[in-house]
Amino acid sequence: MFVHAGAVSWKDQAIVIPGESHSGKTTLVQAFLELGATYYSDEFAVLDSDGQLHPFPRALRVRSNLAAKKIPAAEFGAATGVAPAQVRLVILTRHVPGLCWRPKALSQGEGILGMIQNTLSARRYPELALSTLQRATEGAHLLGGARGEAKDTARWAVQHLNP
Amino acid sequence: MTDELQAFVPVRKDLLMRELKDEVILYDKTMKRAHCLNDTAAAVWRLCDGRRNVREIARVLEKDEELVWMALQELEISGVLNREIPITIRSYGLSRRELVRKIGVGAAVVLPMVSSILVPTASAAPSPPAKQSPRRIRR
């Protein structure tokens, strides 16, 4: 299942950031990479039938002004994921300048709704989408809320993610 | 309870369902909507089998009838019931504030809640490259 999302892993724990275009996924992914996370994607979280994350490691599309540049993850000093990773954190957020990151814990159901909104082919394969998202979110922390600076959000997330 | 209220027997729609630990996810293939029912709403929805009225549902769940009624109104608004609540009794029941006052401090935890979203079409989001078209990945 393809979920429109950024994805990284931190100490073998996958962090998934669902969101539509221009929600700030790539910026947040970049912030995680600069902290030492492993790159999986800035566009699609690819989930298997067990809910595990697989890499889709295209070059990051970093936007500045009106243009987008393709920057490989290696240029941020980041490794690229090769093995599937268990999802441990889902962050449903969008960037609002000047805001402080005060995440709200979401229930598994709320997390699934947030992710299904960004799941390609959910209408065509609803059973598969729901079972995949259910498995992916089991045991994961699910957080929601608008964020300010990506660096602050990423730092908060890695500090709160227990290995 | 008036005769009309007592006569109303809710019937749930036959929807794709996933049971979570404390919630239920429903997917309506016709309306392309996904719903998340909290524990209370899910408990009421499961008993909407076309055989029980509100009083009987409340008795099975050991909950206030007003709470069951509130759940039914939430479920009807979300479109997961097969039978509409008659307009003559639609406004029956207490408001959330009144129910909290009646049940007490713990009410906020048990009030029924249904969240719904419209599941977007595939064209609403960018597609993966052709060679990576959506497929089921098995480990």
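Hi everyone, this short talk covers a helix pair and a sheet in the structure above. It is a predicted model, where local features need pLDDT of at least 70 and side-chain atom pairs count only at pLDDT 80 or more, while totals for chains, interfaces and linings use all residues. Residues are numbered from 1 along each chain as its sequence is written, with chains lettered from A and ligands numbered from 1 in the order in which they are written.

Let's start with the helices. In chain A, the axes of helix H1 (residues 25-35) and helix H4 (residues 150-160) come within 8 Å and cross at roughly 55°. Helices here are DSSP runs of H or I with at least four residues, strands are E runs of at least two, and both are numbered from the N terminus. Axes are lines fitted to C-alpha atoms, for helices over the stretch in contact, with angles from 0 to 180 degrees between N-to-C directions. H1(A) and H4(A) are therefore oblique to each other; under 35 degrees counts as roughly parallel, over 145 as roughly antiparallel, 65 to 115 as roughly perpendicular, and the rest as oblique.

Which residues of H1(A) meet H4(A)? They are A:Thr27, A:Leu28, A:Ala31, A:Phe32 and A:Leu35, where contact means C-beta atoms, placed from the backbone, within 7 Å.

Now the sheet. In chain B, four strands form an open sheet in the order S1-S2-S3-S4, with antiparallel pairing; strands pair if DSSP finds at least two bridges between them. Its edge strands are S1 (16-19) and S4 (114-118) of chain B. Four bridges join S1(B) to S2 (residues 24-28) of chain B, and B:Met17 stands opposite B:Leu26 in S2(B). Helix H3 (residues 126-137) of chain A packs on the sheet, touching S1 and S2 of chain B.

Methods
Two residues are in contact if their C-beta atoms, placed from the backbone, lie within 7 Å.
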